[in-house]
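Me: Please take a close look at one part of this model, the place where the two chains meet. I would like a connected account, with the cut-offs stated.

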Amino acid sequence: MSPEINDATFVTLDKVSLVYQQAETSTLAVEDLSLSIKKGEFVAVVGPSGCGKSTLMKIVTGLINCSAGGVTIGGKPVKGPTQGVGMAFQNSTLLPWRSTLDNVMLPLEIVEPHKRQLRRERDRYEARAMNLLRTVGLHEFADKFPWQLSGGMQQRANVCRAIIHEPSLLMLDEPFGALDAFTREELWGVMQKLWMERRFTAILITHDLREAVFLADRVFVMSKRPGRIVYEREVDIPRPRTLDTTFEPHFGEIVHELRERIVEVKHS
Amino acid sequence: MISEKMILRIMPWAVTVGIFVVWEVACLVTGVAEFVLPAPTAVWAATVKFAPQILHHSLQTLFTTTAGFVLAVVGGMLLGVFIGASKLVYTGLYPVLVGFNSIPKVALVPVLVIWFGIGTVPAIVTAFVISFFPIVVNVATGLATIEPELRDVLRCLGATRTEILFKIGIPRAMPYLFASLKIAITLAFVGSVIAETVASNEGIGYLMLSASSSYNVPLVFSGLVVVGIMGVLMYAVAAAFERRMTGWAFRGSDLMT
């Protein structure tokens, strides 16, 4: 693992369970799920569909409260929606009435201390957003509206919006799931670049094993419902990883190993 | 060679003129009496003859309609925001609103006369109550259909309910609001003319009622046409406003005017 990573644990989930109450029936979505993530680490969670991956994301961010167990971020227990966490979903949820630049700047209008400073230092913040857009190759489209962008561009803007306020935690829920294979692989590179520059802690929820291995330091495999972590795999491939890396035998081995686990889980 | 765009532009005029031509020809061929169905030429003659009176009464109607409509926009937006933003208010108020909307507004006019007397106020109030409902429903719908993911993104940034409302809810409800304005303005004309017909000494509704009681049927039809024209004009104003304010919701289509 790269030496920059601080060993302090940043996110912990301790024997978390969640029961969905829907009318008469109650479903156990997640049971006894424990994991811990270090500061600045990029982890991926994979698993069969319907295993509660997205539920996990909502639990970590405090959007839903777990029925049992506890979640901490930076040592503090999570009780309500955690503040200042960046999120990106499969559907890019950009606001159609705002230009790309204004969309990216949305979190700055909400998160303190930027919210207070934004009006006075608009130029500085705008430059910062433009810089970020340049990193992902979108600076020429800053004035365009989301519906004038391609799916891949929208997703780049979406990722920019998720990290503009420099959150300590970034949650990615299949952010590249709706893109074509070429665009998706291109964005893996963009994502890795952003992470290597900024070293935020990131949790990537995905069903694409190659994506997980490409981006993550560690990959967790979830069981089918009720979801829990059944396997954990360190990805000991040096960064920056490139698309050529994905054709190396070691990369393939890890992907195969994970795939076998998922198949096992499916048929258990 | 006439381009397709040209044809599209001419169509509304062509159809309107066509209807009048058919109407005129039908009257000529059947020889129907003028006090049953006057021909467009007779309606036009009446319009010219009574032009000052028509102008006076139509300005009155335009005033009551616009006043009622503006009140409906303001009230409808406020109530729509309340209903759309709070599940509690929605559950409590929605059935009452539906019930209220089911009441034929003409039945309200006598009550309004008892409260406000005959004249301008009942017309304004009727225009208001009739055009209020679609605005409320549309604004509330716009607010209530925010994508859950977007809401999650903002909540995880630490946004308050008010911030979510102002940053996302209200801008997002704007296309719904403007779509409802086009319906509401035409309804407002229905409201004011109904009230003028029943309880006023002024306005197109009153003009038509007094004309019909003296069997001046061409003047009645003239009033109808004037109301129709005012409705189309106000609709066009609302549509132009809509395009200006929420162009992003149309994404470059040409037909949505």
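Reply: Lys167(B) and Glu109(A) form a salt bridge, with 3.0 Å between the closest N and O atoms; the term stands for a side-chain nitrogen of Lys or Arg within 4 Å of a carboxyl oxygen of Asp or Glu. Between chain B and chain A the count is two salt bridges. The model is a predicted one, in which local features need pLDDT of at least 70 and side-chain atom pairs count only at pLDDT 80 or more, while totals for chains, interfaces and linings use all residues. Residues are numbered from 1 along each chain as its sequence is written, chains are lettered from A and ligands numbered from 1 in the order in which they are written, and side-chain values use heavy atoms, with hydrogens and water left out.

On the side of chain B that touches chain A, α7 (148–156) and α8 (161–199) each supply at least two residues; helices here are DSSP runs of H or I with at least four residues, numbered from the N terminus. The most comes from α7(B), with seven residues. By type, this side of chain B has nine nonpolar, one polar and seven charged residues. In that division Ala, Val, Leu, Ile, Met, Phe, Trp, Tyr, Cys and Pro are nonpolar, Asp, Glu, Lys and Arg are charged, and the others, Gly among them, are polar.

In terms of contact (heavy atoms within 4.5 Å), 17 residues of chain B meet 25 residues of chain A. The two chains bury about 2000 Å² between them, 71% of it on carbon and sulfur atoms; buried area is the accessible area, taken with a 1.4 Å probe, that two parts lose on being put together, summed over both. Within chain B, the most area is lost to chain A by Cys156(B), Leu157(B) and Trp248(B), together 33% of what that side buries.

Ile168(B) is found in helix α8 of chain B. Leaving out residues up to four places away in sequence, Ile168(B) touches Leu95(A) and Trp97(A) as well as Ile146(B), Leu150(B), Leu154(B) and Glu163(B). Its relative accessible area is 0%, so Ile168(B) is buried; buried means under 20%, exposed over 50% and partly exposed in between, with a 1.4 Å probe and protein chains only.

Arg172(B) pairs with Glu147(B), the closest N and O atoms being 3.5 Å apart. This pair links distant parts of the chain: Arg172(B) lies in helix α8 of chain B and Glu147(B) in the loop between α6 (120–144) and α7 of chain B, 25 residues apart. Arg172(B) counts as buried at 15% relative accessibility, whereas Glu147(B) is partly exposed at 28%.

A disulfide requires a pair of cysteine sulfur atoms within 2.5 Å, and the count over all chains is zero. For Cys160(A), the closest cysteine sulfur is in Cys156(B), 19 Å away, so the distance is too far for a bond. Cys160(A) is buried, at 0% relative accessibility.
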